[in-house]
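Subject: Structure handover

Hi,

Here is the structure you asked about. My notes follow below it.

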Amino acid sequence: MEWKIRDIVIPNQLVLAPMAGNTNEAFRIICKEMGCGLVMAEMVSDKAIGFKNVKTIKMTKVNPIEHPISMQIFGADIESLVNAAKFIDLKSDADIIDINMGCPVNKVAKKSGAGASLLQDPNKVYEIVKSVVEAVSKPVTVKIRLGWDSDHINCVLIAKLCEKAGASAITIHARTRAQMYSGKADWEWIKKVKEAVSIPVVGNGDIVDIASAKKMLEYTGCDAIAIARGALGNPFLFREIKAALDGNDIPPRPTHEELYDTIVKHYHLLLELKGEHLAMLEMRSHVAWYLKGMPGSSKIKDECNHHTNFDEVLAILRDYLNVQE
């Protein structure tokens, strides 16, 4: 079902949530081709943009086939965030600017006071969003969590303040910062946020299959669903959920040949993006995700990790998956 973030038309309700180290251009392209409606780039530091860090600036580049795409920034200083947002607004082809107020990792949420740490200061949340919205022409959205911990759940208040400050949509990961990525996501709060604001709400947390996708949409009434870890090694999930939501026949699970071809394509996209060394290192993790749950895959993953040449890894995979070169 088509929906909008301000004037940006998104063809369906499926969103690839931003994941540091994973939702780079290579993986975004694969998910987009599998039917994902909106892809979100991994977060980039406002300070790194300000310092014109070459690696960070490169991360703001967008492939034409990725549209619509959202670029996520993080930081704790209002002026620095505004400047970073202005850079994305003028220098990146991204369609949407997202502010990260949900990252739970220590180096972001504790050491730098960014990410989920901002949820502890609602007034600052309002000032940040208002300042960024007023400084750019692109739609501004915000990614949040339920709150800092179970004793300080304030997502409804935060969502209202984001809307008041001019945000065009809000994504809520239905866990607290204290939960990190453990425990169960509490979708009840997504429902409460949706009832409290008039801007689009994207639900995130524990979407791993068609059933959980449908359940979140129906139970919370959210406008779209964001899939994060559930897509790692399984970008095919997007086409399956899309078919189900469209009322079409569910495509079969990927054959060994398609799985192998997807791994090869993923590697070549990373190779073009990051060069051989980094592409090889990143694909070790992705190969493990692609093979997750398959019989005897632990041994194969271990074998793959002992090679530094991806052609050797592909030879192992061809033998394991019984596919031709």
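The largest pocket holds about 1200 Å³ of space. Its lining comprises 50 residues, with M19, A20, G21, N22 and E42 closest to the centre. A pocket here is an open set of points on a 1 Å grid over the protein atoms alone, where a 1.4 Å probe fits, with protein on both sides within 12 Å along at least five of seven lines; lining residues have an atom within 4 Å of a point. Volume is the space filled by probe spheres set on the points, which are joined across faces, edges and corners.

Before you read on: this is a predicted model, in which local features need pLDDT of at least 70, side-chain atom pairs need 80 or more, and totals for chains, interfaces and linings use all residues. Numbering runs from 1 along each chain as its sequence is written, and side-chain values use heavy atoms, without hydrogens or water.

Back to the largest pocket. Helix α3 (residues 54–59) gives the most to its lining, with 4 residues. Helices are DSSP runs of H or I, at least four residues; strands are runs of E, at least two; both are numbered from the N terminus. By class, the lining has 23 nonpolar, 13 polar and 14 charged residues. Asp, Glu, Lys and Arg count as charged; Ala, Val, Leu, Ile, Met, Phe, Trp, Tyr, Cys and Pro as nonpolar; the others, Gly among them, as polar.

The second largest pocket has a volume of about 320 Å³. It is lined by 14 residues, and G233, N234, W289, Y290 and K292 lie nearest its centre. Both α11 and α12 (276–291) supply at least two lining residues each.

Now the rings. There is 1 aromatic pair (Phe, Tyr or Trp rings, the six-membered one for Trp, with centres within 6.5 Å; stacked under 30 degrees between planes, edge-to-face over 60, tilted for the rest). Y267 and F310 are stacked, 4.0 Å centre to centre with 15° between the planes. Y267 is in helix α11 (residues 256–274) and F310 in helix α14 (residues 310–321), so the pair ties together parts 43 residues apart in sequence. Both Y267 and F310 are buried (under 20% relative accessible area, with a 1.4 Å probe and protein chains only).

K191 lies over Y219, 4.9 Å from the ring centre. K192 has its charged end over W189, 4.0 Å from the centre.

Best wishes

Key
Buried means under 20% relative accessible area, exposed over 50%, partly exposed in between (1.4 Å probe, protein chains only). A charge sits over a ring if NZ of Lys or CZ of Arg is within 6 Å of the ring centre and within 35 degrees of the ring normal.
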